[in-house]
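Work through the exercises below with the sequence and the model open. Try each task before reading its solution.

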Amino acid sequence: LFDNVWADVRFQLGYVAIVTATVPLAQSHADNRLKLQREFVSKCHANTIEFVIVAGNFVMGWAVKGLLDAILSSEEDEGIAFQLVTCITVSFTGIFMVVAASMVKLSAAICGVTSLTVGLNIGWTWSDFAADLFGEKDLTILVLWAYVSTVCAVVMTIAAVMEVLIRCMEAQIQLESDDHVELRATGAHSLAGTQG
């Protein structure tokens, strides 16, 4: 019944929007209730509730993966170069989202689900690239480790570039804020001088 809709970008956007609106809030609410009621709940029930809370992160991850797959499904035959660009784009966008979530000081639950969702999708995207790159070849452990090391280096480089850009933006914002405060203080001081 739903086979065709999972490949529809509009359906996936709606699904991701609903999951994004509900999962972090439900996780936060369940976590808060568990903290309040922990002494009245058995250890088994508490562990089950904690598992369900964490499972919500994977629901988010799979929802975003479905959206990415739907967006990229028409581009599947573009080859290895396209998949590499996709990996770098998903990595850059994902890291930006994690940094943005932490900069606006969202709740720990939302930052946690964002980080895990992004991490899962970056990993899955690079895994798809590896499948395209190596195909059905039998690989040695050395080749696998070289690939993993290269992917880690690329993702860490993207994260480092993002960190530098963010620090530059923060410094510029702070400089503008300081100039604005200084201008207001100067204006207030001159206003007080004219009134006195």
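Buried means under 20% relative accessible area, exposed means over 50%, and partly exposed is the range in between. The model is predicted.

**Exercise 1. Classify Glu50 by its relative accessible area, then describe its salt bridge with Arg38.**

Step 1. Glu50 has a relative accessible area of 31%, so Glu50 is partly exposed.

Step 2. Take the partner. Arg38 forms a salt bridge with Glu50, and the closest N and O atoms are 2.5 Å apart. The cut-off for a salt bridge is 4 Å.

Step 3. Arg38 sits in the loop between α1 and α2 (43-72), and Glu50 sits in helix α2, so the pair ties together parts 12 residues apart in sequence.

Step 4. Classify Arg38. Its relative accessible area is 38%, so Arg38 is partly exposed.

**Exercise 2. Describe the salt bridges Asp31–Lys35 and Asp69–Lys65, and classify each residue.**

Step 1. Start with Asp31 and Lys35. Their closest N and O atoms are 3.3 Å apart. Both residues lie in helix α1 (residues 9-37), 4 residues apart, about one turn of the helix.

Step 2. Classify them. Asp31 has a relative accessible area of 29% and is partly exposed. Lys35, with 58%, is exposed.

Step 3. Go to Asp69 and Lys65. The N to O distance is 3.0 Å. Both lie in helix α2, again 4 residues apart, about one turn of the helix.

Step 4. Classify these two. Asp69 is partly exposed, with a relative accessible area of 37%. Lys65 has 14%, so Lys65 is buried.

Step 5. Check the total. The count for the structure is 5 salt bridges.

**Exercise 3. Which residues touch the most other members of the largest nonpolar core, and which helices supply at least two residues of this core?**

Step 1. The core has 16 residues. Ile95, Ile122, Trp126, Phe129, Tyr147, Val151 and Val155 touch the most other members.

Step 2. Assign the helices. α3 (80-103), α4 (108-134) and α5 (141-195) each supply at least two residues of this core.

Step 3. Look for another core. One of 7 residues lies apart from it, with Val16, Val19, Met60 and Ala63 among them.

**Exercise 4. Are α3 and α4 roughly parallel or roughly antiparallel?**

Step 1. Read the geometry. The two helices, α3 and α4, pack at about 170 degrees, with their axes 9 Å apart.

Step 2. Apply the cut-off. Angles over 145 degrees count as roughly antiparallel. α3 and α4 are therefore roughly antiparallel to each other.

Step 3. Sort the contact residues. The contact of α3 with α4 has 15 nonpolar, 9 polar and 2 charged residues.

**Exercise 5. What kind of aromatic pair does Tyr147 form with Phe129, and what kind with Phe134?**

Step 1. Count the pairs. The whole structure holds 5 aromatic pairs.

Step 2. Take Phe129 and Tyr147. Their rings are 6.3 Å apart, centre to centre, with 25 degrees between the planes, and the pair is stacked. Phe129 lies in helix α4 and Tyr147 in helix α5, so the pair ties together parts 18 residues apart in sequence.

Step 3. Check burial. Phe129 is buried at 8% relative accessible area, and Tyr147 is buried at 14%.

Step 4. Take Phe134 and Tyr147. The centres are 5.5 Å apart and the planes meet at 80 degrees, so this pair is edge-to-face. Phe134 is in helix α4 and Tyr147 in helix α5, 13 residues apart. Phe134 counts as buried, at 17% relative accessibility.

Step 5. Trp126, Phe129, Phe134 and Tyr147 form one aromatic cluster.

Conventions
Residues numbered from 1 in each chain as written. Predicted model: local features only at pLDDT ≥ 70, side-chain atom pairs only at ≥ 80, totals over all residues. Heavy atoms only, no water. Salt bridge = Lys/Arg side-chain N within 4 Å of Asp/Glu carboxyl O. Buried < 20%, exposed > 50% of the residue type's maximum accessible area, 1.4 Å probe, protein only. Core = buried A, V, L, I, M, F, W, Y, C linked by side-chain atoms within 4.5 Å. Axes fitted to C-alpha atoms, helices over the stretch in contact; angles between N-to-C directions. Parallel < 35°, antiparallel > 145°, perpendicular 65-115°, else oblique. Nonpolar A, V, L, I, M, F, W, Y, C, P; charged D, E, K, R; others polar. Phe/Tyr/Trp six-rings, centres within 6.5 Å; stacked < 30°, edge-to-face > 60°.
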